[in-house]
Amino acid sequence: MTEPVPESGGAPGHPERAVLAFLKDTAGDQLAFARRLIATPSPTPPGDERAVARLVRERLEDLGVGDITVLSAEPSRPNLVVRIPGHGPGKTLILSGHLDTKPPGDLSRWRVHPYDPAVFGGVLHGLGSGDMKAAIASIVYAGAALARVGGWAGELTLVLTADEEGGSTLGSKWLAEQGHLGADAAIIGEPCGVTREWESIGVVSRGSALFDIEVVGTQMHSSVSDRFDPVNATVEMAWLIAKMHAELLDRLTYRPYHVGGTRPTVNIGVMVEGGVFYGVYPGRARFSSDIRLVPGMTRRSITADLERFLDEAMAENPRLDAALEMVGCSEATEMPADHPAVIALQHASHRVLGKRVEPAVFPGATDALSFQGIAGIPTVAAFGPGLVPRAHAPNERLSFHGVHQAARIYALAALRYLAPEPHTG
């Protein structure tokens with residue numbers, strides 16, 4: 001773990017000094033609050049963030065931040081919008097995270113109970129530790145730190161959302177569609193590491209195309225299938241799954257994204273079903289798939305690619321009768337790598353981590369699809385503590401230093417981004 005640079009780097013009287021002093025004094029409270037958030041279940045499904053939202057609201061009020069609005073599409077799915085005004089007119093920056101988690105799954109695979117947030121070996125364990133309750137704690141304390149100092153203008157808004165793990169329909173998507181989101185830039189504290197923590201600044205939130213393919217065969221009594229020439233829908237589906245798994249990526253229309261040459265990710269057969277029961281020759285089978293989209297890929301282009309692939313597959317295999325159903329499609333969002341919010345995060349991360357963090361593509365989709373795709377706010381899709389591969393998995397964990405690191409990074413980045421514009425004579 002890289003040791004942070006000394007926290008007294010600001011000039012006397014500079015707001016950075018006061019912010020870093022407050023965050024240093026409350027470092028233990030930040031970690032303890034992250035543990036309380038983890039210990040407060042909020043899995044989607046079933047979906048109920050009321051307890052964790054109440055905990056966040058109470059902590060903000062204890063820290064002297066009181067302008068908190070609860071906005072809910074449904075009573076059990078609260079979103080918190082917290083406004084922290086600066087001193088004078090200026091830009092608005094959003095710091096955001098989601099309050100829900102995925103369910104824990106098979107409890108026997110957890111070494112530590114998912115809602116018992118233990119700290120040992122320099123690691124914070126627990127469901128949602130990386131995705132993303134540690135970041136929520138950091139955002140809360142970064143906001144409280146800025147509320148205590150002057151030297152910045154405009155507004156810092158904390159947007160803490162429901163239902164992100166369920167598709168954001170009752171969270172950021174609803175907030176954006178209802179006109180509740182407005183800012184000059186937004187930063188989402190999703191875990192940004194793949195192989196190491198604080199690996200990159202996610203300037204792209206990849207989109208996702210979700211689709212089902214239904215294969216039709218011959219349903220009949222299975223005892224006489226050898227006396228006729230029926231079409232086994234399950235067998236033909238298996239042939240199509242194997243073909244798509246091997247060939248579809250190379251048949252998609254896209255350009256590798258210019259940062260890192262990132263390509264789409266194709267996941268065929270994430271769910272499969274077929275047949276009726278023993279004794280019944282399968283006349284129907286269905287499988288679901290998803291493709292993670294890079295900028296430039298659209299619903300129209302991916303639908304055309306899939307339909308063309310199916311037409312060619314059926315021409316190659318006359319026994320295949322397959323139809324496409326698009327379930328959903330969200331196009332990727334992209335923020336310029338030289339946007340002032342990105343530059344502010346690079347400056348802040350260098351101060352705290354002692355290294356420069358470069359922009360890159362975030363592998364998944366985040367609430368950036370709502371903030372930028374619907375509300376039109378330039379959005380950093382992911383910059384937060386934790387590792388993506390540990391999210392949605394048993395034994396989720398992250399370095400316990402991540403909470404304090406993130407609080408300082410967010411606070412310093414916000415101060416830099418919201419610094420008053422210099423007067424010109």
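Reply: Happy to. On a 1 Å grid over the protein atoms alone, a pocket is an open set of points with protein on both sides within 12 Å along at least five of seven lines, whereas a cavity is a set where a 1.4 Å probe fits but cannot get out; lining residues have an atom within 4 Å of a point. Grid points are joined across faces, edges and corners, and a volume is the space filled by probe spheres set on the points. The model is predicted: local features need pLDDT of at least 70 and side-chain atom pairs count only at pLDDT 80 or more, while totals for chains, interfaces and linings use all residues. Residues are numbered from 1 along each chain as its sequence is written, and side-chain values use heavy atoms, with hydrogens and water left out.

By that rule, the largest pocket has a volume of about 1,100 Å³. Its lining is made up of 42 residues, and those nearest the pocket centre are Glu164, Ser208, Arg292, Ala365 and Thr366. Two or more lining residues come from each of α5 (172-177), β9 (207-216), β11 (265-274), β13 (284-293), β14 (322-330) and α9 (368-371). Here helices (H or I, at least four residues) and strands (E, at least two) are DSSP runs, numbered from the N terminus.

The pocket lining then divides into 16 nonpolar, 16 polar and 10 charged residues.

Strands pair if DSSP finds at least two bridges between them, and β4-β5-β18 is the order of an open, antiparallel sheet of three strands. At its edges lie β4 (119-120) and β18 (397-399), each pairing on one side only. Between β4 and β5 (residues 123-125) there are two bridges, and Phe120 has Val123 of β5 as its bridge partner. Helix α2 (residues 27-38) packs on this sheet, touching β4 and β5, and its direction makes about 25° with that of β5. Contact means heavy atoms within 4.5 Å; axes are lines fitted to C-alpha atoms, for helices over the stretch in contact, with angles from 0 to 180 degrees between N-to-C directions.

How values were computed
Nonpolar A, V, L, I, M, F, W, Y, C, P; charged D, E, K, R; others polar.
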